Structure formats: structure tokens, C-alpha cells
Amino acid sequence: MISVKNLKKSFGDLEVLKDINVEIKPKEVVVVIGPSGSGKSTFLRCLNLIESITGGSVEIEGKDITAKKTDINKLRAEVGMVFQQFNLFPHKTVIENITLPMMTVRKWKKEAAIQKAKELLDKVGLKEKADVYPDSLSGGQKQRVAIARALGMEPKVMLFDEPTSALDPEMVGEVLEVMKQLALEGMTMVVVTHEMGFAREVGDRVLFMDEGYIVEENEPQALFGNPQHERTQAFLSKVL
Amino acid sequence: MIDFRFEIIIEYLPFFMKGMLWTIMMSLIGVLMGTILGFFIALGKMLPSKLLRLPFIWYINFFRGTPLLVQLFLFHFAVLPAILDSVNPIVSVVVTLSLNSAAYVAEIFRAGIQSIDRGQAEAAHSLGMNKIQVMRYVILPQAFRRMIPPLGNEFIVLLKDSSLGAIIAAPELLYWGRAATGQYYRVWEPYLTVALIYLILTLTLTYLLNYVERRFATT
Ligand SMILES: Nc1ncnc2c1ncn2[C@@H]1O[C@H](COP(=O)(O)OP(=O)(O)OP(=O)(O)O)[C@@H](O)[C@H]1O
Ligand SMILES: [Mg+2]
């Protein structure tokens, strides 16, 4: 599904991703953990080209996303992204947030888009919030709308960058629940998170990143229970 | 002040009214053209290439950095005569005001666009929207709300600046004030009246803008 080979990314002189190699299978849920500044966000952002790639290759469904002939906008529509800060459009109502990209990018007719958006809102448990503005939502509700908005593009992969880190503790659960549901439905997901419970329960595989490398990867039980690398051990002893 | 001659004002009132209409017209066209032009200059100034940005930067430098009166002379006596068969002072004022306000509006646009959180554009791009769609549906509507107060300010400045047209005999408000002064050798009656009309215009505009601002703030 996603094949990352020798991925490198620098900002000027600062090399943030040094040599990332990973294969992600269809329907797999991959959890990425690691200390602050290790390059987790940058890695996700490279996967849908919000950041340009400095070296190496990323293939999604066999297509090299850095090839010149790749339609970047089409690729991005197929790779959904959910941000820590939600990034809902404040001047649009909840349902307009979802229908706007459907109509502009996927060229859905308005009625069809509204219909589909309502189904998505129902799915994330926010049917009754369709016509309010994001300002009046709680953090957890905003993030669920953001997930619904990304799903509106019918993506093949969903990337989550610390989707619950900006939330009050009592709202983390409702967002994780939606993500868990998505995973059960077979969505391929890459999730950067500090929620180790989620990683254990939903993750098929955990990647531990440090200083621009994937230092260790394994099934959750193995990685959490029996980390091989010193740096993984040090990191886990701090967060678990 | 004891012998304030109201009859001068009465006599000239029709001309003042006509002049006021020209003042409003010229400023309105100036601000409209300035906004359209200013938008593209702002985009030009945000181009990724330094070389391509340069002409836009210097456009802004020139129009903000030299006196409006000099610009008006330049266009009225040199640039426009070279392009047009006959030069009309009103056209000169409108052209100069448009180009001048474009420089200021460009900076207002740029500040407005850059004040929008980067996450907005990132989210929109991540959904597959192209640059034009991101600008049109996500950035500009939000930026525009923040631009209303400075744009209104620019409009008010423009309204007063249009009075420079009097010097090249554009028949706007101040022109008729000067005409009355010339005829009667009286300073206070015409100029105070003209000043009062400008004040009424700018105050009306201020209230109008406050209303627009409130309307936008609540949606
Ligand atoms: N646009 C940028 N320009 C320059 N440096 C950047 C940029 N984005 C990220 N960096 C740097 O790259 C490094 C990795 O950042 P990244 O956001 O990927 O880390 P992270 O693992 O997501 O950290 P966190 O857990 O704090 O979110 C950091 O040192 C950061 O300062
Ligand atoms: Mg991060």
C-alpha cells in the first residue's frame, strides 16, 4: 500500500528525516511514537506532500508520489490527514467544512455532497451539529468533524498527527473511539500518538522514531513489553 | 467672523453638491480599482522567486514613497498625455488614486492573507484543493474580514486625497471651494463649508463601515 524507501527530508541544513524505510500493508494500522523533534510529524507530512521530499522515494499503491507526472492534488485527496489543531475552516459551518472539498475537489453535486456529509456526521456522532460553526464545538467534536471531512474525500489512507494531544482528557476517548471504528472497517492508518493504550489495542505495528530514523519496529505487545534498543527502552520508561 | 457671508455659500451650494458627487465618484472608483489591482500586486509580492517579486516591491515603494501630488502631476502632464489623445483632469485623478491606493491595498491584502493561520492552507491542501481553491474558499474569506477596518481607513484617506484634484482643475469639491474664494476673496465661507462637507462624508463612511464590520463579525 505505502512503500517508503530511504526517505530523507532536510530543512536547510537541518536533516530531520535521515533514512526512513517502511512498508505499510493495506488495512494495517501503524502507530508512530518517539520523542519530540524526532521527525514524526515531518514523516507524515511527507506522505501527502505537505512537505517536499529531499531524497528517497515514497510509493502509494505502486505510484511514486514524487514523480513529476504525479497529480499532487489528486494524491492528497487520496491520503487523508488529521491534524493536532483540527484546522477546521472557521468561516464555514460544520457541514460546509465537509462539503467544500467534496464539491471543489471531487466535483460532487451539492445535494449529493450534503447527503454524504450527513452520513459522515452521523458516523462520527455529530448529526445534530451540521449547521453550527466550529467555534461552538468542543475540541473533541472539532476533531471528529475534521475526521469526517477527511473521510469525505474517500481516502485510501488516513494519517493522524497527534489527533488527541490538544484535547482535554475527557474528550480523548470519543476521538479514539471514532478512530477505532475506522480501523475496524479496514481503513489503512498511520497514527502519531502518545496514547499507548490505543497503540496496544488498535495498532498492528508500532514504529519508534528517534533523530530521523526508525530505530525499532514491532507488534505493540513485543515493542512495549520487550523493547530491544536502549533508546526505545529509555523513551518507554518515561512515557509508560 | 462677524460678517460671515452666508449668501456666498448659498450661491455656490449647487456647485459644492456637484463637486461632492465627483469627489464621491472618483474615490469610489479609486478604491474599487485599487482593491482589484492591489490584490494582484499583493499576490505578486508573495511570489516565491525574489526576482519576480521585485517589480511589485518597487511598485509599492514608488507609490507609497513619493508625494501623491507629484504622482498626480506625473500622470496628468506626462504619462497620460503620452497614452491618450486628450487629457481630462478627472481621468488623471481617478488613475492616480487607483494606482496609489493599489499600493496601500496590496499591503493590506498581504497582511490579511499572512495573518491567517498556516494550518488553514495546510488542511485545505491536504484535502486536495489546489492553490486557487485554497485562496478563494479558505484564505480570502477569512482574510477579508480582517481587512475591512484597514480598507475602510484607506477609503477615508482616499476621499480626502481626491481633493488634490483641485490643483489640476478637476471639478471636485475643493475645486469649487477654491473657485468661490477666487471670486469673492473670502477664505472662511468656502473652505469651512467644504471642510464640513468632507467631514460629513467621512463620518457617514465611518458609520457605514462600522455597520459592515459588525455584520461580518456576527456571521
Ligand atoms: N518547516 C520547518 N522548518 C524548519 N524546521 C522544521 C520545520 N518543521 C519541523 N522542523 C524541525 O524538524 C524537527 C522535527 O520536527 P517534527 O515536527 O517532525 O517532530 P515531531 O517528532 O513531530 O515532534 P513533536 O512530538 O514535538 O510533534 C524539529 O527539530 C523541528 O524543529
Ligand atoms: Mg509533531
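The dialogue below takes up annotations, the chain interface and the ligand in turn.

Biologist: What conventions apply here?

Modeller: This is a predicted model, in which local features need pLDDT of at least 70 and side-chain atom pairs count only at pLDDT 80 or more, while totals for chains, interfaces and linings use all residues. Residues are numbered from 1 along each chain as its sequence is written, chains are lettered from A and ligands numbered from 1 in the order in which they are written, and side-chain values use heavy atoms, with hydrogens and water left out.

Biologist: Which residues of chain B does the UniProt annotation "transmembrane region" cover?

Modeller: UniProt positions follow the numbering used here, feature names are shortened, and annotations may be inferred rather than shown by experiment. In the unreviewed entry, "transmembrane region" covers residues 20-44, 56-84, 90-109 and 188-209 of chain B. Helices (H or I, at least four residues) and strands (E, at least two) are DSSP runs, numbered from the N terminus. Residues 20-44 of chain B are 100% helix and 0% strand, with end C-alpha atoms 35 Å apart. For residues 56-84 of chain B, the values are 90% helix and 0% strand, and the end C-alpha atoms are 25 Å apart.

Biologist: How many residues of chain B are in contact with chain A?

Modeller: Contact means heavy atoms within 4.5 Å. By this rule, 20 residues of chain B are in contact with 24 residues of chain A. Buried area is the accessible area (1.4 Å probe) that two parts lose on being put together, summed over both. For chain B and chain A it is about 1700 Å², 60% of it on carbon and sulfur atoms.

Biologist: Which side chains meet in a salt bridge?

Modeller: A salt bridge places a side-chain nitrogen of Lys or Arg within 4 Å of a carboxyl oxygen of Asp or Glu. One salt bridge is counted between chain B and chain A; it joins Glu122(B) and Arg45(A), at 2.7 Å from N to O. The elements giving two or more residues to the side of chain B that touches chain A are helix 5 (118-126) and helix 6 (131-161) of chain B. Helix 5 of chain B gives the most, with eight residues.

Biologist: Which residues surround ligand 1?

Modeller: A residue is near a molecule if one of its heavy atoms lies within 4 Å of it. Among those surrounding ligand 1 are Pro35(A), Gly37(A), Lys40(A) and Thr42(A). An oxygen atom of ligand 1 is 2.5 Å from an N or O atom in the side chain of Thr42(A).

How values were computed. Polar contact = N/O pair within 3.5 Å; in protein donor to acceptor, adjacent residues only side chain to side chain.
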